[in-house]
Amino acid sequence: MSRIAALAALVLLCSHALADSAAATRLGALLAGMQRIEAGHDPNNPASGAVLRKCGLQYEGILRKRIRSNQGITDVAWYSILKEEWKK
């Protein structure tokens, strides 16, 4: 699955977590071909982590010095959700 499709699935996942019931049906179709969805955020922005947890993703840990940003090389807090964990 492409990164764009995975991002679309994550957006649908989050919109469902934020009470968009129609997103659940669309997400189910997207998840049919995937085993997991992953997302990361800057550990210095805990609000992003709160949104990912609300979307059902589980915290997996810190990927140290993972990406280059305008602040230099930074860590990434990593989250995922597995196909079987998604609430139907």
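# A first look around Ser 80

Leaving out residues up to four places away in sequence, Ser 80 touches Arg 36, Ile 37, Glu 38, Leu 57, Gln 58, Glu 60 and Glu 85. Touching, or being in contact, means having heavy atoms within 4.5 Å.

Before we go on, a word on what you're looking at. This is a predicted model, where local features need pLDDT of at least 70 and side-chain atom pairs count only at pLDDT 80 or more, while totals for chains, interfaces and linings use all residues. Residues are numbered from 1 along each chain as its sequence is written, and side-chain values use heavy atoms, with hydrogens and water left out.

## The overall layout

The protein chain has three helices and three strands. Starting at the N terminus, the order of its elements is α-α-β-α-β-β. Both kinds of element are DSSP runs numbered from the N terminus: helices are H or I with at least four residues, strands are E with at least two.

Of the 88 residues in the protein chain, 28% are buried. Buried here means under 20% relative accessible area, exposed means over 50%, and partly exposed is in between (1.4 Å probe, protein chains only). The protein chain exposes about 5,900 Å², and carbon and sulfur atoms supply 55% of that. Those areas come from the Shrake-Rupley method with a 1.4 Å probe, and for residues only the protein chains shown count as cover.

How far apart in sequence are the residues that meet? Among contacts between residues at least 6 apart, 54% join residues at least 24 apart.

## How the strands pair

Strand β3 (residues 72–82) pairs with β2 (residues 58–69) in the antiparallel sense, over eight bridges. A hairpin of two residues joins β2 to β3. Strand β3 also pairs with β1, again antiparallel, over six bridges. For two strands to pair, DSSP has to find at least two bridges between them.

## The nonpolar core

The largest nonpolar core has 10 residues: Met 34, Ile 37, Ala 39, Leu 52, Cys 55, Leu 57, Ala 77, Tyr 79, Ile 81 and Trp 86. The elements giving two or more residues to this core are β1 (36–41) and β3, with β3 supplying the largest share, three residues. A nonpolar core is a set of buried Ala, Val, Leu, Ile, Met, Phe, Trp, Tyr and Cys residues joined through side-chain atoms within 4.5 Å.

Tyr 59 and Tyr 79 form it edge-to-face, 5.3 Å centre to centre and with 65 degrees between the planes. Tyr 59 lies in β2 and Tyr 79 in β3, so the pair ties together parts that are 20 residues apart in sequence. The rule takes rings of Phe, Tyr and Trp (its six-membered ring) with centres within 6.5 Å; planes under 30 degrees apart count as stacked, over 60 as edge-to-face and the rest as tilted. Tyr 79 is also the bridge partner of Tyr 59 in β3.

## Residues worth a click

Here is how some strand residues compare in cover:

| Residue | Relative accessible area | Class |
|---|---|---|
| Tyr 79 | 3% | buried |
| Ser 80 | 4% | buried |
| His 41 | 10% | buried |
| Glu 38 | 41% | partly exposed |
| Tyr 59 | 46% | partly exposed |
| Lys 65 | 62% | exposed |

Take His 41, which lies in β1 and has Ala 77 as its bridge partner in β3. A polar atom of its side chain lies 3.4 Å from the backbone oxygen of Asn 45. The backbone nitrogen of Gly 49 lies 3.5 Å from a polar atom of the His 41 side chain. Leaving aside neighbours within four places in sequence, His 41 is in contact with Ser 48, Gly 49, Leu 52, Val 76, Ala 77 and Tyr 79.

Glu 38 and Leu 57 are 19 residues apart along the chain, with 8.0 Å between their C-alpha atoms. Last up is Lys 65 in β2: its phi is near 45 degrees, a positive value in a residue other than glycine.

Conventions
Polar contact = N/O pair within 3.5 Å; in protein donor to acceptor, adjacent residues only side chain to side chain.
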